[in-house]
2 protein chains.
Amino acid sequence: MILEVAMLNVKPGTQEQFEVNFGEAQSIIESMHGYVSHQLQRCIEDASRYILFVNWQTLEDHTVGFRESKEYDLWRSLLHEFYDPFPEVLHYQSVYQNP
Amino acid sequence: MILEVAMLNVKPGTQEQFEVNFGEAQSIIESMHGYVSHQLQRCIEDASRYILFVNWQTLEDHTVGFRESKEYDLWRSLLHEFYDPFPEVLHYQSVYQNP
């Protein structure tokens, strides 16, 4: 399993609509092959910052299966307009975890 | 519950020792009041980057209870030498999650 992490900077004043759109968009990733789980969290210190975590079974489930899908076009149309700057997205593997 | 997130840039060439020291240090946070869970994950695209997640019952369990403790001095002595630059640490609250 791998973890996708995106630090999202949402244009100030658009957070409420971003959260509405994300609520719609999340069903897209949940339906994709290799999807395991996800979380969207809002920053306490800066309400225009969010962090998105998505666990995928493999790296390619995200980078190929999702990003090259038709569903990604809908995801993008719902969410990408809110980001400034466009986020860096990286992938991680667990070293330690408890529990 | 709140999530502490630290993006860690570890000096190249020191990752192996950092992971050894983290393996020792994690028992420190696990013993603190308000600790819930943690994960250390290594970046696939850049092996000098890690992300640390710690769930705490409250923000103050981290910012006051842990950071003002004697145990924090030991945590710092085990880990802070590896970071360049010193990480920004932010806290998050869940907006959506599945499951």
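Helix 1 of chain A and helix 3 of chain A are roughly antiparallel to each other, because the angle between them is over 145 degrees. In this predicted model, the two helices pack at about 170°, and their axes sit 9 Å apart. On the helix 1 side of chain A, the contact is made by A:N21, A:F22, A:E24, A:A25 and A:I28. Helix 3 of chain A, which covers residues 70–79, answers with A:E71, A:L74, A:W75, A:L78 and A:L79. Sorted by class, the residues of this helix 1–helix 3 contact in chain A come out as 7 nonpolar, 1 polar and 2 charged.

Now to the strands. Strand 3 of chain A, residues 49–56, is mostly covered, with 6 of its 8 residues buried. Strand 3 of chain A pairs with strand 1 of chain A (residues 2–9) through 8 bridges, and the two run antiparallel. One of the partners here is A:I51, which bridges to A:M7. Strand 3 of chain A also pairs with strand 2 of chain A (residues 35–43), again antiparallel, this time through 7 bridges. Strand 2 and strand 3 of chain A make a hairpin, with 5 residues between them. Within that pairing, A:R42 has A:Y50 as its bridge partner in strand 3 of chain A.

A:R42 has a partner in the other chain too: in strand 4 of chain B, A:R42 bridges to B:Q93. That belongs to an antiparallel pairing in which 6 bridges join strand 2 of chain A to strand 4 of chain B (residues 89–98). Put together, 8 strands close into a barrel, in the order 1(A)-3(A)-2(A)-4(B)-1(B)-3(B)-2(B)-4(A), with antiparallel pairing. From one strand to the next, the twist averages 35°. Among the residues involved, B:Q39 of chain B finds its partner in B:F53 of strand 3.

A helix lies across the strands in each chain. Helix 2 of chain A (residues 59–66) lies across strand 1, strand 3 and strand 4 of chain A, and runs at about 105° to strand 3 of chain A. In chain B, helix 2 (residues 59–66) lies across strand 1, strand 3 and strand 4 of chain B, at about 105° to strand 3 of chain B.

As for how the chains meet, the contact takes 29 residues from chain A and 29 residues from chain B. On the side of chain A that touches chain B, the elements giving two or more residues are strand 1, helix 1 (15–30), strand 2 and strand 4 (89–98) of chain A. Strand 4 of chain A provides the largest share, 9 residues. By class, that side of chain A has 14 nonpolar, 11 polar and 4 charged residues. The copies meet through the same surface, since 100% of the interface residues of chain A are also interface residues in chain B.

Definitions and conventions
Residues numbered from 1 in each chain as written. Chains lettered and ligands numbered in written order. Predicted model: local features only at pLDDT ≥ 70, side-chain atom pairs only at ≥ 80, totals over all residues. Buried ≥ 20, exposed ≤ 12 C-beta atoms within 10 Å, placed from the backbone. Helix = DSSP H or I, 4+ residues; strand = E, 2+ residues; numbered from the N terminus. Pairing = 2+ DSSP bridges. Contact = placed C-beta atoms within 7 Å. Nonpolar A, V, L, I, M, F, W, Y, C, P; charged D, E, K, R; others polar. Axes fitted to C-alpha atoms, helices over the stretch in contact; angles between N-to-C directions. Parallel < 35°, antiparallel > 145°, perpendicular 65-115°, else oblique.
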